[in-house]
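Welcome, and please open the model in your viewer. We will go from stop to stop, selecting a few residues each time.

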Amino acid sequence: MKIIIAGAYAIGTYLAKLLSRNNQDIILMDEDLEKLEKIGSDYDLMTLNESCTSIKALKDAGASSADLFIAVTDDENQNVTGCMLAKALGTKKTVAKVDNDEYVEPDLKSFFEGLGISSIIYPEMLAAQDINNGLKMSWVRQRWDVHGGALVMLGIKLRESCEVLNKPLKNICGPTDPYHVVAIKRDDETIIPSGNDVLKLYDMAYFMTTKQYIPYVRKVVGKEHYVDVKDVMVMGGGRTAVRAVKTMPEYMNAKIIEVDESRCEKLNDLLNNDRTLVINGDGRDIPLLQDEGIRSTQAFVALTGNAETNILACLTAKRMGVRKTVAMVENIDYVRMAESLDIGTIINKQAIAASHIYQMMLDANVHNVRFLMTANADVAEFIPQEGSKVTRKPVKDLGLPNGVTIGGLVRKGVGILVSGNTMIEAGDSVMVFCHNVNMKKIENLFN
């Protein structure tokens with residue numbers, strides 16, 4: 001595919017690195033030559049030191065024959081304009097990053113498509129969804145609902161209380177058991193497991209199950225003693241914090257600690273409800289945290305723009321007895337460090353946004369692509385066509401590539417866990433997990 005990325009900022013550079021590894025034809029545009037030189041010397045891609053709102057520059061970049069134009073500069077107006085121009089020049093699909101939550105209202109989708117913008121992403125909204133999914137279940141690091149919860153994926157850190165450690169998976173999650181383990185992160189290794197693999201202490205394990213069996217999974221992993229989150233303390237009052245607090249379940253109460261006094265005043269205007277208290281102070285101030293009741297708080301969410309601050313704040317909160325911590329870590333280089341420190345759920349807007357954009361590279365029968373950053377794996381929802389290869393044989397005879405497993409499927413709204421004897425039917429929504437496998441290869445099974 002020919003892909004033009006406008007904006008050598010966090011999301012743009014992350015996407016450029018990710019896609020260049022898949023041998024895509026990438027052109028990265030930006031007005032900052034220094035940024036382009038830094039990434040261009042390390043990765044197999046072309047760079048163009050121009051603005052994405054220049055028609056001449058877009059023509060030079062090959063917008064007339066591009067498959068995908070991705071505008072992720074720091075200027076929302078540039079992104080929207082660049083997409084409109086690229087589409088008018090002949091680009092097949094366009095995606096724009098915005099900073100205005102009004103633009104992502106569902107009823108505006110056709111309006112923007114009419115302007116030439118195929119998809120709009122608001123990273124803060126996507127991050128807020130992941131934060132709240134994590135807060136709803138204090139014992140889970142990551143949760144992903146498929147088809148309204150017909151299938152549920154749970155990422156869980158395994159502790160000593162887990163009942164299913166050191167047992168072959170074929171003995172604990174066979175065809176009749178209500179969950180499957182679809183991926184394991186062990187130290188720096190990612191495992192797409194087979195029946196002979198085992199779960200070990202401190203693994204990050206990804207379970208696929210159905211909503212009614214979530215309590216059962218909670219029991220076998222030994223997390224029944226975790227309390228539900230009702231009181232949340234948030235450090236940092238930026239856009240992600242505002243979006244997260246606005247969309248929290250009604251039974252949760254939040255305290256936002258923000259160091260900037262003028263921002264606190266703005267937050268009071270934005271969050272005018274009786275469930276949110278805005279506090280002017282430094283979230284690293286331990287006496288302040290104690291005065292505000294951190295020892296009786298079930299969750300601490302660090303959302304400042306500084307990754308080191310967020311990591312250290314979550315470590316402090318854990319030492320003060322907070323069970324659930326969430327840290328926004330925008331610097332990809334710090335993600336592994338944050339994982340090794342066991343700080344809890346890690347939020348990275350680059351990876352979240354990249355997952356949504358990556359979906360646009362794939363065929364129309366691929367949906368809900370997610371990049372599991374902690375496990376360095378992809379998960380996507382495939383819908384097989386009539387007569388496709390995946391519908392002709394039981395799953396055990398499909399010859400799936402190494403690093404690929406099918407976790408479950410949704411058929412007529414009902415979640416079904418897949419076993420070796422399962423026959424996949426056209427129209428099913430099939431959840432596929434991949435590690436070190438180009439997802440384009442898997443598409444062939446479903447077309």
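A salt bridge here is a side-chain nitrogen of Lys or Arg within 4 Å of a carboxyl oxygen of Asp or Glu. This is a predicted model, in which local features need pLDDT of at least 70 and side-chain atom pairs count only at pLDDT 80 or more, while totals for chains, interfaces and linings use all residues. Residues are numbered from 1 along each chain as its sequence is written, and side-chain values use heavy atoms, with hydrogens and water left out.

**Stop one: helix α3**

Select Asp 60 and Lys 56. They form a salt bridge whose closest N and O atoms are 3.0 Å apart. Both residues belong to helix α3 (residues 55-61) and sit 4 residues apart, about one turn of the helix. Helices are DSSP runs of H or I with at least four residues, strands are runs of E with at least two, and both are numbered from the N terminus. The cut-offs are under 20% relative accessible area for buried, over 50% for exposed and in between for partly exposed (1.4 Å probe, protein chains only).

**Stop two: helix α5**

Now pick Glu 113 and Lys 109, a salt bridge with 2.6 Å between the closest N and O atoms. Helix α5 (residues 109-115) holds both, 4 residues apart. Glu 113 is partly exposed, at 39% relative accessibility.

Stay on helix α5 and select Phe 111, which is partly exposed at 47%.

**Stop three: a link across the sequence**

Select Arg 141 and Asp 342, whose salt bridge has its closest N and O atoms 2.5 Å apart. Arg 141 is in the loop between α6 (123-136) and β7 (142-146), and Asp 342 is in the loop between α13 (332-340) and β17 (345-347), so the pair ties together parts that are 201 residues apart in sequence. Arg 141 is buried, at 17% relative accessibility.

**Stop four: a network**

Select Lys 97, Asp 99, Glu 124, Arg 239 and Lys 349 together; salt bridges link them in a network. The salt bridge count comes to 18.

**Last stop: an annotated span**

Finally, colour residues 1-121 and 229-347, which an unreviewed UniProt entry annotates as "domain: RCK N-terminal". Such annotations may be inferred rather than shown by experiment. Residues 229-347 are 39% helix and 24% strand, with end C-alpha atoms 18 Å apart.
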